[in-house]
Amino acid sequence: MSNKVLLTSVCRPLGPEYGDASSVGYELLYRQVTRAQGIFSPRTVNVHFGLDYIAENLDAPTVVLQYPSKRELIAELKKGYDYVGVSFIMAVMHKMKETVALIREHAPNSKIVLGGYGTVLKDDVLKPYADYICREEGVGYFRRLLGEPEIPMPYKHPLIVSWLKIFGWKVSGTGKIFAGLGCPNGCDFCCTSHFFSRKHIKLLPTGRDIYQVVERYFDLDPDLVFLILDEDFLLNKKRAMEFRECVLQGGKKPSIFAFSSIKAISQYTVEEILEMGIDGFWIGYEGTRSNYAKQQGRPVEEILTEFRAHGITVLTSMIVGFDYQTPEIVAQELDGLMKLKPALAQFLIYGPVPGTPFYERIIQENLLQDVYTSDKDLFYRRADGFRTMIKHPTLSPKAIEDIQTWCFEQDFHRLGPSIYRVLEARLLGYCKLKDSPNPVLREKAEYYARELRVAYPVFLAGRLLGPNAAIRKWVGEVESRIHAELGRPTLTQCLQSLLAVGAALWTGLTLKLNLFQHPRLQRTTYRLPDHHGSAFHLWEEFHAKMASPNFSVKVELQHARQQVWMRLEGALTSADAEGLAQRIRESLARSKSRLVLDLNRLHWDKVEDLRPLREKLAEYRSRIRVVLPKLSAAHPELLLLAGMFHRY
C-alpha cells in the first residue's frame, strides 16, 4: 500500500503577543516591511508554499495543513499517517518543538520529517525532534524517502493564489510562480543562498516553462497579478529574455513582481523589463558601503529613478548594524534612500544565521552577544532580523534596535503610506508610457490607468487619517493629479470612499484589540482514497483512454480548488465528442468534482461536432465552467456552450 503523508506548518496562534519574535506572524508586509504603517499596511497571508508544491508532485496520498490550531492538528494526526513533515524557520524553533511533541503523543508510529530554512541548524540540534531532515529541494527528497521514482523538472506546478487586502477589502489576487531556489550571489548574511551552497536550482528551467504557468493562471482568473519566486530572477539573461519573447508573442500581458539585484537588472533596458510584464521589484539596497558583488552595475540611484518614472514599483531592503555604521552614517544612507522614493522599504538588522559566512566569522571572533552564547533557544527565538545578536564595534544592541525603529518610522512619516506611493509611481508611469511608440508600453500604461481608477476610493482615508499634515496634503495632491489625467470619480466611487474611511477605522480597532488577526486552517488533500480521490483517479485515466492521432485530452487535478481542469487539443470529431461527453458525464456522476472544460486549443469541422458536450452534460451545468477559444467566441455552438454552463 502507498504511504500516507501529512505536511504541516507549525501551529497557530503566532505573533509577539504569544511569545514569538517581533516579526513572526502570517504576513511579510504587515509584520515586517510595512510594520510602521498600521491601518495603511497591505495585508496578505503567506502560506508555506513549498508544502503544496511537494504534495502536488508526490504519488502518495497527502494532506497539507497551513496554520492548524493544536486541536486541528491533533484531529488530523488521529487519522493515521506514515510520515508527517513539519516546515519551520529558525525563529519558530520553539513552535516546531511543540508540534513535534503533539505528533509523538497522538501519532507515535508516524515518522517525522523536518524541512524549511530552520534546518540550517545542525543535526545535534535537530535530531532529537526528527527521524529525517530535508535540507535540499523537497520534491526529490520526499520521492526518494517514499521509494517513488525520480521525475524530471519542471515538476507539476500547483496554482496557489493569495489575496491582497487594503482596509480589509480584497484588491487583487496574486498567483505564485515557483521559478527557482537558491542564489549564486552568496552575500555573507544570506541564508537562502548558502542553504543551497550558492547554487541556483531552476524549478522552471526555461522562459517558456515560466510563461506556461502564467497562461494557466490566466485561464484560472484573467485579472491575477503574479509573484515570481526566484532569488535573483533576472540573473539568467537567456531564460529571462526567452520569457520576454513568450510574453510578446502571447495574448494578455502580465503584471509581475520579481526579486532581483542591481547586477542582474543592469543587463536590461527598462523597456525590456516592462516587455516581460515586470512592473515591481524587490531590490537589495543594503548599505552604501556594504560592497556586495550583487550591487555592481548601474548606480542604484539611476535605476530606482528610472523605474519609478516608468511606473515600476520598488521595494528596497536596507541593513542596519554593519560594522562601519554609526547613527550619523545610517541617517545619511536613509536620506539617500528616501530621496529615491521607493514604494516600500524594509530595514533589517545585520544578523548571523547558521550556515552563512557571517555566522562563522561571528563565532570564530567571539562576537555573539553573551546572552545568546549561553542560551541557544533564546538565540533561535530572536533571530528574526529585529534583535541585535552581535557585539558591534561602536553601538549597543539597544542603539541598533532603536535606529531600526527610527528608520521604519522615518520611511512612513516622510514618504507616507506605501499604498499611495505605489499609486503615484503608477501615475508617473502612465504619463510616461501612454504615448510611447511601443504598443506593449502603451498597453502597460492602460494597465496602470485601470489600477488607478479602481483605487479612487482609498484616497479620502489617506487625506483624513495620514500620519501627518504634510502626508495628508501630499495624498490629496496625488489624487488631484490622477483625476486630472483620468477623470473625476463616479458617484459610486464617492460613496465607496466614505465606506473606505469606515473600513480603515474598523481596521484600526481590530488591530488594537487583536481581533480577526489569525487565518483559518487551510486543509488541502491530494490523492486521498476517499470519494474525491477515487473520482480524481477516474479523471487521470482520460489521457490514456481518450487518446487518438489527432485529438488529445490533458487533465490537471487542482486539489486546492477541488476541481479538474481538462484541456481539449487538436481536431475533435463527432465520434470523439460523443465518447468524451459520456466519460465526463460518468465521472461527474461519481464525484463532487467541479470541471473546467478548456476549449482554447480545440478544432472542429462542423457545429454538430460539439453538440454532444452540450446535450450530455446539461444536468451538471452548475459544476462546469467553459474556457472559450480567444478568437472564436462568436461561433454559434460556442455561444450555446458559454450560455449554458455556470461560471462558478
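Predicted model: local features only at pLDDT ≥ 70, side-chain atom pairs only at ≥ 80, totals over all residues.
User: Why is W506 called partly exposed?
Analyst: W506 has a relative accessible area of 45%. Buried means under 20%, exposed means over 50%, and partly exposed lies in between. So W506 is partly exposed.

User: Which helix holds W506?
Analyst: Helix α22, residues 491–513.

User: Why are β6 and β14 called edge strands?
Analyst: The open sheet of seven strands runs β6-β7-β10-β11-β12-β13-β14, with mixed pairing. β6 (161–166) and β14 (344–349) each have a single partner strand, so one side of each lacks a neighbour in the sheet. From one strand to the next, the twist averages 25°.

User: How do you know that β6 and β7 pair?
Analyst: Pairing takes at least two bridges. Six bridges join β6 to β7 (residues 169–178), so the two strands pair. They run antiparallel. V161 stands opposite G175 in β7. In the hairpin of β6 and β7, two residues lie between the strands, and F167 takes a positive phi near 55°.

User: What makes β7 and β10 a pair, and are they parallel or antiparallel?
Analyst: Five bridges join β7 to β10 (residues 225–229), against a cut-off of at least two, so they pair. They run parallel. T174 stands opposite V225 in β10.

User: What packs on this sheet?
Analyst: Helix α17 (residues 397–415) packs on the sheet, touching β13 (313–320) and β14. Touching here means heavy atoms within 4.5 Å. The direction of α17 makes about 180° with that of β14.

User: Which strands are at the edges of the six-stranded sheet, and how do you know?
Analyst: This open sheet has the order β5-β4-β3-β1-β2-β15, with mixed pairing. β5 (132–133) and β15 (522–526) are the edge strands: each pairs on one side only.

User: How do you know that β2 and β15 pair?
Analyst: β2 (residues 62–66) and β15 share five bridges, and at least two are required, so they pair. The sense is antiparallel. V64 has T524 in β15 as its bridge partner.

User: Which helix lies across β2 and β15?
Analyst: Helix α3 (residues 70–77) lies across β1 (5–8), β2, β3 (83–87) and β15. α3 runs at about 170° to β1.

Definitions and conventions: Residues numbered from 1 in each chain as written. Heavy atoms only, no water. Helix = DSSP H or I, 4+ residues; strand = E, 2+ residues; numbered from the N terminus. Axes fitted to C-alpha atoms, helices over the stretch in contact; angles between N-to-C directions. Buried < 20%, exposed > 50% of the residue type's maximum accessible area, 1.4 Å probe, protein only.
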